[in-house]
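Subject: Structure handover

Hello,

Here is the structure we talked about. Please open it beside this email and follow along.

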Amino acid sequence: MLSLFLLLSGDNSRLHPLQITKNDQIFLLGDLIDKGNASSKVLDLVIKLQKENFQIFPIKGNHEVKLLQAYKCGFDFFETYLATYNSEDLIGNNLYDYLTLIHGFDYCVELDEFILSHCGINKKSINPFTDIRGMFPNVNFRFKESDLLSKTQIQGHVVRTITDIKNSI
């Protein structure tokens, strides 16, 4: 079984086909939208893979949070937000499916050896569960502090090259 941690991008030039099976676990580390002109294609792929019973675990990034907040501000503001972030392709027949999908993303996932999140959790903070750098002010994490301190964190907010990732393992 493959466990893959990904930061997908809406930039078509960076979408690479993967040979995955339904036994593989795919963890998407947030910011699936607002990173190019194909946000809807990325979300359509997530929806398609979930419907086909692939093990896809999307994590909410700051761009997903901002999208949901922008939608709550009214449609005129929302359209301006989408234009600003080159994500106008999200408006259409599937908008409510996209919003529902994104709303259901977890903020973090805890595995046996890892804690996966988009922005990371500051282990050195006095209270690492509330010091989340202002990105997600209303999040309640559901794991013990001892788990946080003993598990390797994998986060997606900072883009790193494959070489950097391999060197850090």
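Start with the angle words: under 35 degrees counts as roughly parallel, over 145 as roughly antiparallel, 65 to 115 as roughly perpendicular and the rest as oblique. Angles run from 0 to 180 degrees between N-to-C directions, and axes are lines fitted to C-alpha atoms, for helices over the stretch in contact. Helices are DSSP runs (H or I, at least four residues), numbered from the N terminus.

The model is predicted: local features need pLDDT of at least 70, side-chain atom pairs count only at pLDDT 80 or more, and totals for chains, interfaces and linings use all residues. Residues are numbered from 1 along each chain as its sequence is written, and side-chain values use heavy atoms, without hydrogens and water.

First pair: α1 and α4.
Helix α1 covers residues 39–51 and helix α4 covers residues 95–103. Their axes come within 11 Å and cross at roughly 70°. The two are therefore roughly perpendicular to each other. In α1, Ser40, Leu43, Asp44, Val46, Ile47 and Gln50 meet Tyr98, Leu101 and Ile102 of α4 (contact means heavy atoms within 4.5 Å). This contact has six nonpolar, two polar and one charged residues. Nonpolar means Ala, Val, Leu, Ile, Met, Phe, Trp, Tyr, Cys and Pro; charged means Asp, Glu, Lys and Arg; the others, Gly among them, are polar.

The axes of α2 (residues 62–72) and α4 come within 10 Å and cross at roughly 125°. These helices are therefore oblique to each other. Glu64, Leu67, Leu68 and Tyr71 of α2 meet Leu95, Tyr96, Leu99, Ile102 and His103 of α4. Here the classes are seven nonpolar, one polar and one charged.

Best wishes
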